[in-house]
Protein chains: 2
Amino acid sequence: MVAGSEQPTIQDLGSLNFRTLRWVGDVDGVLHILDQTLLPDREQERVLSEPHQVIEAIQQLAVRGAPAIGVAAAYGLCLALRGCTQLEQLQAKLAETIPSMRTARPTAVNLHHMVDRMSSVAMEAASDDLGCQQFRERFLAEARAIEEEDQRYCRGIGESGAGLIAEGSTILTHCNAGALATTGTGTALSVLYSAWQKGTRFTVLADETRPLLQGSRLTAWELQRSGIPVDVICDGAAGSFFQQGAIDLVITGSDRIAANGDAANKIGTYSIAVLARAHEVPFYIAAPSSSFDLDIESGHEIPIEQRSADEIWSPMGQKQPLEGIGYRNPAFDVTPASHIAGWITELGILQPPFEEIRR
Amino acid sequence: MVAGSEQPTIQDLGSLNFRTLRWVGDVDGVLHILDQTLLPDREQERVLSEPHQVIEAIQQLAVRGAPAIGVAAAYGLCLALRGCTQLEQLQAKLAETIPSMRTARPTAVNLHHMVDRMSSVAMEAASDDLGCQQFRERFLAEARAIEEEDQRYCRGIGESGAGLIAEGSTILTHCNAGALATTGTGTALSVLYSAWQKGTRFTVLADETRPLLQGSRLTAWELQRSGIPVDVICDGAAGSFFQQGAIDLVITGSDRIAANGDAANKIGTYSIAVLARAHEVPFYIAAPSSSFDLDIESGHEIPIEQRSADEIWSPMGQKQPLEGIGYRNPAFDVTPASHIAGWITELGILQPPFEEIRR
């Protein structure tokens, strides 16, 4: 069941009184993002006024999570049009910005979908022969629509999945698929927030999620604000808790889901899925329909971002390891559909081939 | 095949020109340990002259690895006798020190075995009616014998397992089961050093091993010195490399092996064993016979050390997490015998019920 279309507010998020990102102003406005590289130590916004700043923020994971990246990119394209007074200038700016925005990060498909959607709007606006100001207004309206849709989808995911959470259970999650990964209440965590609001009581185990610690830095931070009990564990400890029968359910987000149901998500997700299967614990993916890429048949076609050595060495305070020590730092892995019990979306809990989304 | 009994030297370790620990002096000597909390940034020894300093060093993981802890504890008991001139005084010191040394850490059984062995020597010496000086000499001789035996066992493990390493293969290991975990060439890594010395060429993937990063700090450091190519990965990434068929063999150490073959090792080992099984990759434990605890039937009886929150939060620079955020930090997990292809010891590659050890 998809919730109504009214703008979500702090009430929707309970005590989660923060905004992952927000557009401030009219067509000449700027994009504020909560800088997630500084959390949980500091809650500080970055003010972005140029598209390249949005691209950098996405690449640095200052704004992150497949849905939030899609919204940020839409607004980022609006920033390209700041100060434009002529249609030609505007089209040139978009032609220059769209390719780099679209490829800011390779794995999450929401980024592609939202940039493509903004491109379509630009083409329609051009063919409608709008004036420059009207063009920019329509363009910004589309970005706002994308944000509102993201928030509706989050609520819908929560409604779809809440019934999976049993009273007194323990749910394992990985990385951050929460409010911070979206402009609403999150994906995997939206299911938890929704269940909690309905009165179900449970506890969460949050994998810390090396290398960038989205679990211990971000998921723990937002669950703590919501009042849901959370214990952080190192990624390698999950197996031990499965073995003890201490995990009843796993829910994670996904950055891209192929037509057969294979789902890319933060590195480490596949290991958990294998453990869940070995211990007969159901493993669910929670994601909006915008994270599905039904043009690709399987997860083999999902590009996996490889990130830098710094992320691995930084906790040791050494940016450069000893000469002769290598590293491998894939940012995502792909969990095969065979390991996934269901795909929790705003359209319900789906199964491949996802006819509900194709409609 | 167990190698000869001569004292291993730097030559045995190739370019591994360090000593995990060393006794300096006669019966009034002191114990030098390489402070592993400072590696790889600094190679600095701590000089320990009191048993409580040895207990602290063990608890802080300044000296670590089941075999090395056993040797350190034996020398630690020798430190208790420094300055003793009367037998009564000496017996009182031992009675006071033995229980706290034996329980410095709960999981590795070598500590218990070596403390018990030193206790037996003390009782024998007492019944032999030795003088104080002779008693202390016999006591120190036993600690030296334990160290030499550890070094022989390391070489023996290397010899036993070297044939498992195929030319051109990739071996995954977890934590540090190397020279730094022993006073010799290590356990799991001894197998690699032995194969390398025989001319086999291969590469190693080293799990970084959160929370204390023994993989990225210690295993990478000693493999780099040995010239064996090593890539560090985050613990959660192992699944992705298994999935890609990029791992041919897994070898880890163990802190305690039960009679049925269940093996306790650093947290995260069990996850790897489950992944290895799911991908039909052989998973081996490498450990000396002194790590076997044949008095317990299964891994259920192995006590698992729970460590502090600091280890989880320290990479984020915050020693205290936000109020309301919990943590779970088990230091070890138990891999069931069903997931282990073989137990590589100085007596060969064994299978339960380990008759070779019982003899």
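Two strands count as paired if DSSP finds at least two bridges between them. Keep that in mind as you explore this predicted model, in which local features need pLDDT of at least 70, side-chain atom pairs count only at pLDDT 80 or more, and totals for chains, interfaces and linings use all residues. Residues are numbered from 1 along each chain as its sequence is written, chains are lettered from A and ligands numbered from 1 in the order in which they are written, and side-chain values use heavy atoms, with hydrogens and water left out. Helices (H or I, at least four residues) and strands (E, at least two) are DSSP runs, numbered from the N terminus.

**A sheet in chain B**

- In S11(B), B:Asp293 is the bridge partner of B:Ala258.
- Strand S8 (residues 256-258) of chain B is joined to S11(B) by 2 bridges, and the two run parallel.
- Step back and you find an open sheet of 4 strands in chain B, ordered S11-S8-S9-S13, with mixed pairing.
- Its edge strands are strand S11 (292-293) and S13 of chain B, each of which pairs on one side only.
- As background, strands of a sheet pair through backbone hydrogen bonds, either parallel or antiparallel.

**How the two chains are related**

- Two copies of a chain are related by a rotation about an axis and a shift along it.

**Where the chains meet**

- The contact (heavy atoms within 4.5 Å) takes 47 residues from chain B and 47 residues from chain A.
- The copies meet through the same surface, because 100% of the interface residues of chain B are also interface residues in chain A.
- Buried area is the accessible area (1.4 Å probe) that two parts lose on being put together, summed over both. Between chain B and chain A it is about 3,900 Å², and carbon and sulfur atoms give 63% of it.
- In chain B, the residues that lose the most area to chain A are B:Tyr270, B:Met316 and B:Arg328, together 14% of what that side buries.
- A strand pairing crosses between the chains too: 3 bridges join strand S6 (residues 230-233) of chain A to S12(B), and these run parallel. There, A:Val230 stands opposite B:Ile325 in S12(B).

**Salt bridges**

- A salt bridge is a side-chain nitrogen of Lys or Arg within 4 Å of a carboxyl oxygen of Asp or Glu.
- By this rule there are 30 salt bridges over all chains, and 2 salt bridges lie across the interface of chain B and chain A.
- At 2.6 Å (N to O), the side chains of A:Arg210 and B:Glu208 form a salt bridge.
- Within chain A, A:Arg19 and A:Glu147 meet through their side chains in a salt bridge of 3.2 Å (N to O). This pair links distant parts of the chain, 128 residues apart: A:Arg19 is in the segment before strand S1 (21-24), and A:Glu147 is in helix H5 (residues 132-161) of chain A.

**Backbone details to look for**

- A:Pro352 and A:Pro353 are joined by a cis peptide bond, with omega about 10 degrees. You can find A:Pro353 in the loop between strand S15 (348-350) and helix H11 (355-358) of chain A.
- Another cis peptide bond runs from B:Leu39 to B:Pro40, with omega near 5 degrees. B:Pro40 is in the loop between strand S2 (30-34) and strand S3 (45-48) of chain B.
- B:Leu61 has phi near 65 degrees, a positive value in a residue other than glycine. The loop between helix H1 (51-59) and helix H2 (66-79) of chain B holds B:Leu61.
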